Amino acid sequence: MKNNFVLLIVSAFLFAGCGQATDTGDESQDMATTSFADVYAAAEKALAEANARRNVWSKTEEMLSDAKTAFDNGDDDAAIDLATEAKLQAELAVTQADFEEDAWRSRVLAE
Amino acid sequence: MGYRVIKKILPLSIFIGLTFAASAMAGPEEDRLAIVKYYAERFPDVPLQEFANGLYAFDEDAREQWIEMEDFPPYEIAIEDGQALFEAPFANGKSYADCFANGGIGVRQDYPYFDTDAGEVMTLELMINRCRESNGEELLPYQIGDLAAISAYMAYTSRGNTINVKVPQDNPAAVAAYETGKQYYYTRRGQLNFACISCHLQSAGLKLRADRLSSSLGHATHWPVYRSKWGEIGTLQKRFAECNVQVFSKPLEAQSIEYRNLEYFLTYMSNGFELNGPATRR
Amino acid sequence: MNAHRRLVLKGMFALAAIAAWPRLLLAARPDSVFQETDADKVIADLFGQAPTDSDQVMMKIPDIAENGAVVPVTIKTDLENVESISIVVVNNPTPLAASFIMSPRSVPTVSVRIKMGESSQVVALVKAGGAVYSTTKEVKVTIGGCGG
Amino acid sequence: MGKPIKIRAKVKGDIAEVKALMPHDMESGLRRDPDTDELVPAHYITDVVAEHKGEVVMTAYWGTAVSKNPYVSFSFTGAAAGDTIKMHWNDNKGDSSTTEAVLK
């Protein structure tokens, strides 16, 4: 469980660092059929959940607002890319909060 | 884009291990003693009260610079401003002295405390604003400025007093608030997946890039603080927010229930220490 | 009421003090040298002569500055007839940080806290008996003091 | 009017050691406002003068590289406890401050 979570976090970073990777393979087909509005709405939903859990990563909201700006400027690819990342971050934050619900206890210092 | 830079730091967050045995059920005093013991064993050459001086307990070069700052510290301006603000009467003729025990002089060691009627933890900064509110004055921002200056003056009048935060064991709500604060302290959060303990317990005394990390023990003794980085005096909860940002976690609101509970736990861990605020930090 | 009157009185004293201030001295600040961006030129313009390295100029400054915004410096000298003590931070945008003009009654020691934008050599310069002496130290800065 | 200077002055023998803290922003002109991202105009103390018994005992000329809320310490001879020291600064915007303190 612990290792899975770390992997999840690592993969998130890899994903965040390789935005261009979404241009190839299966994901590009997904992208083509996904509208910005859908991704944006999903990201907002995930973000609301993370906010409710009081665990939002600090760049997620900025990323989502950058997505909106990119969309308004007509840069749909960047907009979808950013909104997807924001959604993933928000989901990871929720996963992190879920995981930490019990995990923190294992770290408590005891005599 | 700025938010991609932090990938480089990630391995560290994984690298800092989860090394401590589980015992989340112990009471506040057991928790405190466990932390005291941990530091005493890990830093046998550091006298206990020295942990109140944060990173300067571990770093000789930084300590020398800090001592030079403390020789004529910039927070003296805040103490003076704070005293003037503290003593100035409200529009209704009353003053802060009417809101606090002992006229507000030398009382910081008793904060935060659990208010049984309200069912919440009350911090000194919160009570400063509650005092204003009950006297028909506008609320002040919690992180910097006038409220931090008033807090600095009140801390100054409390120097040398022993921190004495109480978690009444016969009050389940108080114990629960303490436990929630403790949970926050041990919970990993943010994009870097750090808990408070990642830096200030597990890595205390070590360097994170160029920064020497301070210890959990004695962390609540010296607030508010004039940080050179801020160029002004700020409250403990300003630092909480900054710590959150440093691990890429969105900060909570100052004086939110979570931060108050965190301050309750953290200050309890400093019980027995002498207050030495305000202080300067890098 | 009382406090207010005290404040007014204080203000009056302050005004009187300003009026009585010796204006002459203020005209002597080397304004153009403070704008100069090249450290060698700063020293040349300030003194019109090259400094001599001297262990009689003592400078206490950290090897690693905790924060470039606040770097404590103390300069002392055993030299006699000291006219001035100056601090030059070579890599700062404008290297001349401060010049202290000594009086016949001065003990030649000064402390001040300075800003350093990045790691740099810091030069302490003492003008004494018409000649210029210096000592130089390298200071590492991890948090710069100019931007943030 | 700038804020008063905080002065601490002690006499040992006939030497006075003076330490002073001057509340002042000391804006270098290179700092950007975090909200607007615009450069904050330079605003800094340009000169400091200390006077004892009608004589100037120290003059400091400063640039933008002196830290916020400047601290300075200096010493002079011919002092006795109970004497008055007067300190004064001017800044680049024409603001100034004068404070007197008693040597201890």
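Predicted model: local features only at pLDDT ≥ 70, side-chain atom pairs only at ≥ 80, totals over all residues.
Residues are numbered from 1 along each chain as its sequence is written, chains are lettered from A and ligands numbered from 1 in the order in which they are written, and side-chain values use heavy atoms, with hydrogens and water left out.

Staying with this interface, 38 residues of chain C and 43 residues of chain D take part in the contact, where contact means heavy atoms within 4.5 Å. There is one salt bridge between the two chains, a salt bridge being a side-chain nitrogen of Lys or Arg within 4 Å of a carboxyl oxygen of Asp or Glu, and C:Arg105 and D:Glu55 form it with an N to O distance of 3.2 Å. On the side of chain C that touches chain D, strand S7 gives the most, with eight residues, strands being DSSP runs of E with at least two residues, and helices runs of H or I with at least four, numbered from the N terminus.

Moving to chain B and chain C, the contact takes 15 residues from each of the two chains, and the buried area is about 1,300 Å², with 46% from carbon and sulfur atoms. Of the area that chain B buries against chain C, B:Gln65, B:Glu68 and B:Arg282 supply 46%, more than any other three residues. B:Glu68 also forms a salt bridge with C:Lys60, the closest N and O atoms being 2.9 Å apart, and helix H3 (residues 60-71) of chain B gives the most to this side of chain B, with six residues.

Finally, the largest pocket holds about 1,300 Å³ of space; a pocket is an open set of points on a 1 Å grid over the protein atoms alone, where a 1.4 Å probe fits, with protein on both sides within 12 Å along at least five of seven lines, and lining residues have an atom within 4 Å of a point. Of its 46 lining residues, those closest to the centre are B:Asp211, B:Arg239, B:Glu242, B:Cys243 and B:Gln246, and helix H9 of chain B gives the most to the lining, with eight residues.

Definitions and conventions. Points joined across faces, edges and corners; volume = space filled by probe spheres on them. Buried area = accessible area lost by both parts, 1.4 Å probe.
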